[in-house]
Amino acid sequence: MSGTSIPYHLRQNKAIDRYAFMELLSKVDKFCDISEYSYIGFGGHSLEDFKYVHSYFRISNMISIEEDEEVYKRQKFNQPHNCIDCLLKPSSDFINDFQRTNGTIIWLDYTKPSGLRNQIEEFQAIINKLLPSDIIKITLNAHAASYLPAQSGARSDEIQKLRLEELRRRLGDIFPSAEVTTDMMTQKRFPEALCLVLKFAANLATQGRYDVYFQPISSFSYSDGQEILTVTGIILEKEQEITFFDKTNIKQWKLSNTNWGNPQRIDVPNLTVKERLYIDALLPNSEAEAIQENLGFLFDKNDKLSLEMLKTYVMFYRQSPFFSRILI
């Protein structure tokens with residue numbers, strides 16, 4: 001369900017997204033104590049997210065959903081805490097059966113582009129079952145070529161038009177025709193298009209509930225083998241909005257996205273130990289331009305792309321993991 005060909009320990013951008021999620025939850029915790037919440041997610045074979053949630057917030061009511069039997073067996077073997085209930089069932093069955101009994105954090109961590117409509121419908125279904133102060137995170141495959149690959153000899157505008165038609169065909173009545181445009185069908189802007197799809201879907205899911213709405217609070221795009229979009233939001237009563245932002249200071253957080261704007265890009269360079277120590281020693285009071293000049297080399301042959309990567313690292317250096325080999 002959350003499987004991938006790239007191991008967790010090599011997915012640097014995914015790890016940054018995970019650390020940013022923990023930081024975001026710590027801010028929401030100022031508005032509502034989440035230590036008594038339930039955490040539900042697609043744990044994968046290592047249950048990595050569950051380790052962090054339990055460690056940071058002491059949450060002990062945890063459910064992992066998995067439909068692949070072999071991954072499920074690995075989960076049971078790798079289970080880091082006995083408070084994690086590993087379930088072997090499709091997410092659709094879980095959501096159909098789900099009954100909320102207490103505060104809930106749920107991460108719908110999808111990876112397969114072929115199931116996009118079902119994934120959006122599950123997102124809508126869980127919104128309808130949650131109550132104010134519940135938190136939802138959703139991850140979608142945002143690799144434009146997964147929806148229609150580039151064809152040899154075809155012009156880019158033709159490919160973009162065909163991708164738009166394919167996306168409309170897959171989504172049907174949950175496609176926001178008025179907002180998603182042909183020029184968003186490029187690899188760079190496709191995550192933006194999916195953000196608008198989620199916005200439209202969330203609005204549809206809450207249109208009969210006049211007292212609550214889905215408030216986005218962060219969104220990121222990154223590539224770890226495939227292009228990924230991830231959006232996190234919270235169910236709020238409309239009268240709670242001002243209090244929520246006053247208590248959490250999320251709007252002042254550099255990594256927040258509260259108005260369905262373009263997702264922030266995570267694309268950090270692969271740094272050696274010496275490079276990272278040197279750059280970190282210059283932060284947080286140096287600009288990326290000055291750091292690149294001081295380094296005396298680029299991270300990419302394209303100097304603009306190199307600078308963008310460095311700017312991204314400056315933005316996310318506090319959340320960036322460092323992977324190294326150890327002997328056990």
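Trainee: How are α1 and α2 placed relative to each other?
Mentor: Angles under 35 degrees count as roughly parallel, over 145 as roughly antiparallel, 65 to 115 as roughly perpendicular, and the rest as oblique. Here helix α1 (residues 12-28) packs against helix α2 (residues 48-57) at about 30 degrees, with the axes 11 Å apart. α1 and α2 are therefore roughly parallel to each other.

Trainee: What kind of model is this, and how are its residues numbered?
Mentor: It is a predicted model, in which local features need pLDDT of at least 70 and side-chain atom pairs count only at pLDDT 80 or more, while totals for chains, interfaces and linings use all residues. Residues are numbered from 1 along each chain as its sequence is written, and side-chain values use heavy atoms, with hydrogens and water left out. Helices (H or I, at least four residues) and strands (E, at least two) are DSSP runs, numbered from the N terminus.

Trainee: In which hand does α1 pass α2, right or left?
Mentor: A crossing is left-handed if the near helix is turned anticlockwise from the far one by less than a right angle, and right-handed if clockwise. α1 passes α2 in a right-handed crossing.

Trainee: How do helix α5 and helix α8 pack?
Mentor: Helix α5 (residues 116-129) meets helix α8 (residues 190-206) at an angle of about 40 degrees, the axes being 9 Å apart. That makes α5 oblique to α8. This crossing of α5 and α8 is right-handed.

Trainee: And at what angle do the axes of α5 and helix α7 cross?
Mentor: Those axes cross at roughly 50 degrees and come within 8 Å, with helix α7 covering residues 156-171. α5 is therefore oblique to α7. The α5 and α7 crossing is right-handed.

Trainee: Let's turn to the backbone. Which residue has a positive phi of about 55 degrees although it is not a glycine?
Mentor: Leu47 does. Leu47 belongs to the loop between β1 (38-41) and α2. Leu47 is buried, at 0%. Asn249 has a positive phi too, near 55 degrees, and sits in the loop between α9 (241-248) and β8 (264-266). Asn249 is partly exposed, with a relative accessible area of 39%.

Trainee: Which peptide bond is cis?
Mentor: Look at the bond from Leu283 to Pro284, whose omega is near 10 degrees. Pro284 lies in the loop between α10 and α11.

Trainee: Now the charged pairs. How many salt bridges are there?
Mentor: A salt bridge is counted when a side-chain nitrogen of Lys or Arg is within 4 Å of a carboxyl oxygen of Asp or Glu. By this rule there are 20 salt bridges. One of them joins Asp157 to Arg155, with the closest N and O atoms 3.1 Å apart. Asp157 is partly exposed at 41% relative accessibility, and Arg155 is partly exposed at 49%. Another pairs Glu192 with Arg189 at 3.0 Å; Glu192 is buried at 16%, whereas Arg189 is partly exposed at 27%.

Trainee: Where do Asp280 and Arg276 lie?
Mentor: Both are in helix α10, four residues apart, about one turn of the helix. Asp280 counts as partly exposed at 25%, and Arg276 as buried at 12%. Elsewhere, salt bridges that share partners join Arg117, Glu121 and Asp173 into one network.

Trainee: Which residues form a nonpolar patch on the surface?
Mentor: A patch takes residues with over 30% relative accessible area and no salt bridge; like charges are joined within 9 Å, and nonpolar side chains (Val, Leu, Ile, Met, Phe, Trp, Tyr) within 5 Å. Accessible areas come from the Shrake-Rupley method with a 1.4 Å probe, and for residues only the protein chains shown count as cover. Here the patch is Val273, Leu277 and Phe322, with about 290 Å² of accessible area together. Val273 is found in helix α10 (residues 273-281) and is partly exposed at 46% relative accessibility.

Conventions:
Buried < 20%, exposed > 50% of the residue type's maximum accessible area, 1.4 Å probe, protein only. Axes fitted to C-alpha atoms, helices over the stretch in contact; angles between N-to-C directions.
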